Amino acid sequence: MDNKYNVVVIGGGPGGYVAAIRAAQLGLTCACIEGWLDPAGKPALGGTCLNVGCIPSKALLDSSHHYTFIRNEAADHGIHVPGATVDINRMIGRKDRIVQTLTQGIAGLLRKNKVEWLQGRGRLLPDRRIEVMPTGAQPGEPYIVNADHIIIATGSVPTRLPPAPVDNELIVDSTGALCFRDVPRRLGIIGAGVIGIELGSVWSRLGSKVVILEALDEFLAPVDRQIAAEAEKILRKQGLDIQLGAKVTGTGSNNREVFVTFDSPAGKQQVVFDKLIVAVGRRPNTEGLGADEAGLKLDERGFIQVDHDCRTNLPDVWAIGDVVRGPMLAHKAAEEGVAVAERIAGRPGHVNYAAIPWVIYTWPEIAWVGKTEQELKGEGVDFRVGLFPFAASGRARAMGETGGMIKMICGTETDRILGAHMIGPSASELIAEAVLAMEFEGSSTDIALTIHAHPTLAEATHEAALGVSRRSLHI
Ligand code: FAD
Ligand code: AMP
């Protein structure tokens, strides 16, 4: 094995494998170190996103959404499906097969691009050397590789909550919540963040009575207040019992049930669940990386310290994705990966941190880009708002999806789009138009002058843009 590369990437998630592919496309010799083992103990690429994050959660959200449609909405279309039932093992099996196909696909992509996958865990040594420790049932001997440049993409892991230690039986983290083999009758979730409400939606749709305990008094605090209020109303109507100002202080169990105590505005309370999911965020993962010994600087929260361009304090050592500052999102990790590969190849790298879309895959979906109304008010910016409800969209009516709205915020003087916020059907797809417009430094007038096909959900974006200058045609 040639043990010298132009670029060695540590971590094969969406940050790492994408960086490796782009580096190879740019003519650099490249290896990617990844030690992930799937539940059967087989090495797998793809990181959190493919194995236990974005993809498996969306597979279950889609399956459970179909079930809800059949049970609650199909009859309105004149379609009767009496006695629809869920085969949970089959649903989980489908999710597992999707994960397997995609992670194997990444291995194929690395081969195609001549990126060498070094199976194992990487540890930084001085002078851009890395020790690779193979993992798996019969791991080989550790060995050392040398790199001109190192890209660290070691991702993140679930944050632990001391009062609720994960036992992978009654108390699980997001990974455990993606492979329940029965639908828990009473399901508790700590944390009403993105992961908490997505997983809450999955199991609630499949029949669990879901209670979400959230320490903050505000629901979805980072989200635009108007959109968050609409989301809270819709999710409560769907049956999620969202308790705000509920700070979990302790848990106990009798091996069948888990007891959760929490402080709330009504005082100390206790509630009993069959399963409890801890979804209180994620923390950067530098375990076993040898950061201290190598002199790699971390910040006070454990993130690898980087400059705007993802350079660490060590020469020619870069870091990207969840392990550095910024939103913990797969597409942010991937964009940083591409940009760093470009910079290593001596080209300019581009990541527009002001135009990173966020999506919450509840139904309806919640999506946004740019600044919220509350942020702009805080900054004293003058702005105008255009708003269009899906109830006034012909396509949304035809689909029976009339909840939610699109909101566009533009500078009063410049008309430049400062933020777009939406809750509605397929908001995850609709947000792309607003992101593109922001990337081009576009205005509401640009979108207003753009012809949108009829009837489409995207017409709601057009109408919201028209609404910025009080020119909406259908409200
Ligand atoms: P990761 O994907 O965490 O990959 C890091 C990899 O590095 C891992 O494979 C790990 O094994 C490996 N590694 C770590 N240390 C070493 C070492 N020393 N040597 C070798 N390998 C090492 N984001 C979205 O954008 N959209 C979503 O819909 C979404 N849904 C999510 C749902 C859930 C339930 C979860 C948990 C996360 C979700 N995320 C979503 C977040 C997304 O998964 C992360 O932002 C993304 O995976 C970060 O990519 P990354 O490459 O930085 O790290
Ligand atoms: P996110 O960071 O988006 O994954 O969201 C995690 C959520 O968990 C945040 O909204 C936190 O306020 C919430 N949280 C953190 N600790 C607790 C706790 N002890 N009890 C209840 N909620 C918590």
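Trainee: Which residues does Gln-305 touch, not counting residues up to four places away in sequence?

Mentor: The model is a predicted one. With residues up to four places away in sequence left out, Gln-305 touches Lys-297, Leu-298, Asp-299, Arg-311, Thr-312 and Asn-313. Gln-305 sits in the loop between helix H7 (291-294) and E17. Its relative accessible area is 38%, so Gln-305 counts as partly exposed, since that class lies between the 20% limit for buried and the 50% limit for exposed. Arg-325 is 20 residues away from Gln-305 in sequence, and their C-alpha atoms are 7.7 Å apart in space.

Helix H8 covers residues 330-344. Its 15 residues should span 21 Å at 1.5 Å a residue, and the end C-alpha atoms are 21 Å apart, so the two agree. H8 is mostly covered, with 11 of its 15 residues buried. Among them are the charged residues Lys-332, Glu-336, Glu-342 and Arg-343, and Ala-333, Ala-334, Val-340 and Ile-344 are also buried. Just after H8 comes Gly-346, with a positive phi of about 85 degrees.

A backbone N or O atom of Gly-15 is 2.9 Å from an oxygen atom of ligand 1. The side chain of Lys-58 places an N or O atom 2.7 Å from an oxygen atom of the ligand. A polar side-chain atom of Asp-322 lies 2.9 Å from an oxygen atom of ligand 1. Taken alone, ligand 1 exposes 1,000 Å², and the protein buries 95% of that.

Ligand 2 can be described in the like manner. Around ligand 2 there are 15 residues, the closest being Gly-191, Glu-214, Ala-215, Ala-246 and Val-248. Glu-214 has a polar side-chain atom 2.6 Å from an oxygen atom of ligand 2. A backbone N or O atom of Ala-215 lies 3.0 Å from a nitrogen atom of the ligand, and a polar backbone atom of Val-248 is 3.2 Å from a nitrogen atom of ligand 2. On its own ligand 2 exposes 510 Å², of which the protein buries 72%. Strand E10 (209-214) and strand E12 (247-253) each give at least two residues to this shell. The shell around ligand 2 consists of 10 nonpolar, three polar and two charged residues.

Another helix to trace is H6, residues 225-237. At 1.5 Å a residue, its 13 residues should span 18 Å, and this agrees with the 18 Å between its end C-alpha atoms. Its buried residues are Ile-227, Ala-228, Glu-230, Ala-231, Glu-232, Ile-234 and Leu-235. Their cover includes helix H5 (194-205), strand E11 (241-244), strand E19 (365-370), strand E21 (405-411) and strand E22 (417-424). Just after H6, Gly-239 has a positive phi of about 110 degrees.

Asp-415 is not a glycine, yet its phi is positive, about 65 degrees. Its relative accessible area is 10%, so Asp-415 counts as buried. Asp-415 is also one of the residues that Ser-444 touches, along with Met-408, Cys-410, Ile-417, Ala-465 and Val-468. Ser-444 is in helix H12 (residues 444-448), and its relative accessibility of 2% makes it buried.

Pro-455 is in the loop between H12 and helix H13 (459-468), and a cis peptide bond with omega of about -5 degrees joins His-454 to Pro-455.

Conventions:
Residues numbered from 1 in each chain as written. Chains lettered and ligands numbered in written order. Predicted model: local features only at pLDDT ≥ 70, side-chain atom pairs only at ≥ 80, totals over all residues. Heavy atoms only, no water. Near = heavy atom within 4 Å. Polar contact = N/O pair within 3.5 Å; in protein donor to acceptor, adjacent residues only side chain to side chain. Areas by Shrake-Rupley, 256 points an atom, 1.4 Å probe, with all protein chains shown as cover. Helix = DSSP H or I, 4+ residues; strand = E, 2+ residues; numbered from the N terminus. Expected span 1.5 Å × (residues − 1). Buried < 20%, exposed > 50% of the residue type's maximum accessible area, 1.4 Å probe, protein only. Contact = heavy atoms within 4.5 Å.
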